[in-house]
Amino acid sequence: MKLNAKIPEGPLTQKWTSHKFNMKLVNPSNRRKYNVIVVGSGLAGGAAAASLAEQGYNVSCFCYQDSPRRAHSIAAQGGINASKNYQNDGDSVYRLFYDTVKGGDYRAREANVYRLAELSSDIIDQCVANGVPFAREYGGLLANRSFGGAQVSRTFYARGQTGQQLLLGTYSALSRQIGLGKVTMYNRHEMLDLVKVDNHAKGIIVRNMVTGKVTSHAADCVVIATGGYGNVFFLSTNAQGCNVTAAFRAHKQGAGFANPCYTQIHPTCIPVHGDKQSKLTLMSESLRNDGRIWVPKFAEDAAKVRDGMLDPNALSDDKRDYFLERKYPSFGNLAPRDISSRAAKEACDEGRGVASTGLGVFLDFRDAIQRDGKKAIEERYGNLFDMYQCITGDNPYVTPMMIFPAVHYTMGGLWVDYNLESTIPGMFVGGEANFSDHGANRLGASALMQGLSDGYFILPYTVGNYLGEQGVQAAGKITNEHPAFAEAENRVRARIDKLLSINGNESPRSFHKRLGNIIWEYCGMARSEEGLTTAIAKIKELRKDFWSNLRVVGESGNINPELERAGRVADFIEFGELMCRDALMREESCGGHFRIEHQTEEGEALRDDENFTFTGVWEHLGDNVEPRLHKEELIYENVKLATRSYK
Amino acid sequence: MDFTLRIWRQKDSVSRGELVEYKIHDVSEDSSFLEMLDILSENLVEDGKVPMAFDYDCREGICGMCSLTINGIPHGPENGTTACQLHMRHFNDGQTITIEPWRAKPFPVVKDLIVDRSPLDKIIQSGGFITSRAGSATDANTHLINKGTADYAMDAAACIGCGACVAACPNASAMLFTSAKVAHMNSLPQGKPEKHRRALAMVSTMDDEGFGGCTNIGECEAACPKNISLDVIAHLNRDYSIAQVKSFFKPYV
Amino acid sequence: MSLILSFLQSTIGRKSLMALTGFVLVVFVMGHMLGNLQIFLGAEAINAYAYKLHNLLPASALWAVRLFLIACIAVHVWAAVTLTLDNRKARPQNYYKKRVIQATYSSRTMRMSGIILLAFIFFHIAHFTVRSVPSMKYNEPGVISKKLDASNYSIPTEVPLVKKGEAVLKNGQKIMTFNVHDMMIAGFKSKIVSLFYIFATGLLCLHLTHGVSSMFQSLGIRNSFWRIRLDRFALFYGWTVFLGFAIIPIAALAGILTADPSGGLTSHAQILKNEAIAHELYSQELTLR
């Protein structure tokens, strides 16, 4: 496996422009001869499918939900960044670029990030044209707010449902193409393997989740946009169905997996309540604009609060510790996600945590309500407050909200070059499924931006470039008659049969839970060499146990959620091991990756730029063989590496 | 908390279904409704039985996947709440809870509590979009949209496409779903050029898919987990009638 | 043509037809009610009103109005029936357990109230317009029944048109007109008939409390501001119509309204002339009570 990032020559600001000019084009009348497969229908996949179909390619789009509109992009709440500088507060493409690189703790590829910042404005234009009802000011102009980790107001939003509105925008564009017959949509289909012909990605194997039928689909290239792997933790803010299977199957077929240890822990989730819980719910980070985060200053007060003996409102300010404001005076409650999460964890580790489990901190709107009035707060966060009350039964206007960090986003993913092409030629990866733009930590409101820029503005060019390079004579030549498809189909069927035939005693969910506990314990917010080594051993054991003691009830020729989960958990287990391995390899702390061996005296993350300014890319060598590490050195020509400081 | 659950079991779309009774014990009142069903599923798996299939995904009330009629009300008794956000504290200990799928001709049962909602997608495919090619958009601030209009569009756009409106309507009408999309797009300046075409096409698809008509009784609005107002239906009726009249004089709309 | 067809085929198209025809009927009902209430002003007023209605316009116009109203009812019913059939088809399998969340009783019973009202309209036309309800022989001009009872009650149908107590003369002749006043009182002599009328107007109230607001919704002339106001208006309208109509049979039953075979004449000469008839009628009526 060779890593060639294919970063275009020239100055940073000209790279994308000149690259677009240098790329191969496909004649409009020839485009209908090409077939493109897009797996995933979220912001990246949906937008890519719609845009490629608009250009004239035949697109097949696959999603595991019953409609493309349900992809998990829909759950993003806060907003989407763009360097429009509508607020005249000093924003620019360069500043967005700089903030993203810095926010990612200098572990992202400069050229990609700059392109992302450059395209951010086009995204807003495109979304508005698509009918996304962004928040407006009274004068009719678009409204903005500032969002976690940024000192300018560059975040566009649609109430607390920005992700939903953006996704519905791409969904409607996609639906239009489906209606026109340019996109064939396959709902309730799960990709179970990638098919390569002459080392190029030429198709996928899917299982129809309703009939259980396993089928082959051939195309001239494959776009994977299947989201992140946060569910490896079992409890995360991801949807229940989010999984790593498509990405991991591609990895097994030869796609390098980059930085799997970079996971983002989001600071503002609703604390866990019990062991039967199935998911964690995120409260939008925008709440941190007005809410103040605190824990009791003294552990004994915290204990009383936990037991319900003490009303938190009765604690005077001198008995409260607004720890983010204290530690990071200039950013205060808006400090980046990784930093805020760790600070909350530390407070709880000191025994000052609240919530029944002791794993929670307050997010208090008392002062904001006093300052702006209840009505203003209701206007801004009404739906979030309602959601909180619906879940916890507490009224956040009266009792301070409680939050705790939870896994939210994964910066790692399949390695891609500047064209978003993986190490398998002809396989492109977009959105959260790739590793590219966020480095070791993602800033708030950047995920939607990345998904859409990949889908609307990058993949439509680079996929065309690849197809152009292949030449029109190759278009549509490979069909699923090719023996590689039968072989892959058999592989998939054998695996399904295996899962069904183990007939052990433990359910897939139970294995998933056990895996999640291991990963959260050893590869969560704080990691250590010892812990990670233990974790790898434990996961290996779990894997053995899984393949000998799994019980999947039901059959394969029907809707079978148990079978679906079993397949996904099997991949998560293997992937979890890779993740721990990556975390173990990275002997530094950066962004979402915090190794307790590498911290400053004040407990801040300590990067090792000399030895670790690279992207760690793993090559799969076999089922029981240790994967091989490749390094893509990150070269910073424009940004000077500095210690991230939000003080 | 303990519950008696009567759950609709149906092997596939052609089989006959029936309500099957299950008992469940020691459910935490902080559990969500779907977590309660998870626990039941795990119990069934333990006994070697096939658990009931039901749709779910995000579990935070936004994806619109969950589709349970709980005690005769889509998404259960809590107003403005999806089944996944419904918590067991809203039920009484020992209560019997009947769980059925959405019932409508256009939504055939696929298995147990899972129905096929693709007709909703077809309605969108026929006109629920604003035609705008990627890369051709003008600056986002070109159209000034007053806050009231933006808020109105957002209220309508909040629809999660779950189909509870169809399930709640005695006529299995998809008017609330269709009109929410029409109201969202037709009220925005970007959506104006296709306004008439959109209304005509979406209503025609809606009727063709076999949904019933609206009798203005408001059950859809009451069941809607996003509290989409019946007023959007008035909006669609208006736009549709105007489009019909206009197309009579100008057949090319 | 296909455009009209597609409009008629669409659910919304048929709903708007229902709304438009409903609007005509709603207005008609109010006019009808106000006309009827003139019975409390005495025979003169209501007979004059009836005369005007019949003679102001040529007969063809009267028939045009009648046919228009019948057409409205027909279209209203046709749309309701076809929509109902479509709606039934949309849910082949019912819920085992279904609860109503917020729909009002009136909105859920439109079909029931509509069907009974349709039957009522047939009866009502037979009763008071065609006057062919068996056992009610009030359609034999000038005949006074000797056997007077509730089921067999005849009244003089032709009386002079009266203005300020005097017969109106045209070319020296009295203008004769139908005695609507007594017809109504006679029509309500039967308790069963009166109760049916009260019941039917109750249903009309139910039908209107949903329908009056619903027609604005179907035509799309309603928004969040007007919705609540129109709902209240519909409630008010429905009750007004109910009270306005129901009070007549109630008053007739209660004996507040009494027959006036003179058609409202007050001058002595006319009284004398009609004395015999009046006397007989009054005395028989007294025995009836």
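Biologist: Before we start, what are the ground rules?

Modeller: The model is predicted, so local features need pLDDT of at least 70 and side-chain atom pairs pLDDT 80 or more, while totals for chains, interfaces and linings use all residues. Residues are numbered from 1 along each chain as its sequence is written, chains are lettered from A in the order written, and side-chain values use heavy atoms, leaving out hydrogens and water.

Biologist: Which strands form the open sheet in chain A, and in what order?

Modeller: Helices (H or I, at least four residues) and strands (E, at least two) are DSSP runs numbered from the N terminus, and two strands pair if DSSP finds at least two bridges between them. Here five strands of chain A line up as β5-β2-β1-β9-β17, with parallel pairing. β5 (183–186) and β17 (427–429) of chain A stand at the edges; each has a single partner strand, so one side of each lacks a neighbour in the sheet. The twist averages 20 degrees from one strand to the next. Between β2(A) and β5(A) there are four bridges, and S60(A) stands opposite T184(A) in β5(A).

Biologist: What lies across β1, β9 and β17 of chain A?

Modeller: Axes are lines fitted to C-alpha atoms, for helices over the stretch in contact, and angles run from 0 to 180 degrees between N-to-C directions. Helix α12 (residues 447–470) of chain A lies across those strands, at about 155 degrees to β9(A).

Biologist: Is Q65(A) buried or exposed?

Modeller: Buried means under 20% relative accessible area, exposed over 50%, and partly exposed in between, with a 1.4 Å probe and protein chains only. Q65(A) has 4% relative accessibility, so Q65(A) counts as buried. Its place is in the loop between β2 (58–62) and β3 (80–81) of chain A. Contact means heavy atoms within 4.5 Å; leaving aside residues up to four places away in sequence, Q65(A) touches residues including R188(A), D57(B) and M65(B).

Biologist: Why does the pair W8(B) and Y96(C) count as tilted?

Modeller: Rings of Phe, Tyr and Trp (its six-membered ring) pair if their centres lie within 6.5 Å; planes under 30 degrees apart are stacked, over 60 edge-to-face, and the rest tilted. These ring centres are 5.4 Å apart and the planes stand at 40 degrees, so W8(B) and Y96(C) are tilted. W8(B) is buried at 1% relative accessibility, whereas Y96(C) is exposed at 53%.
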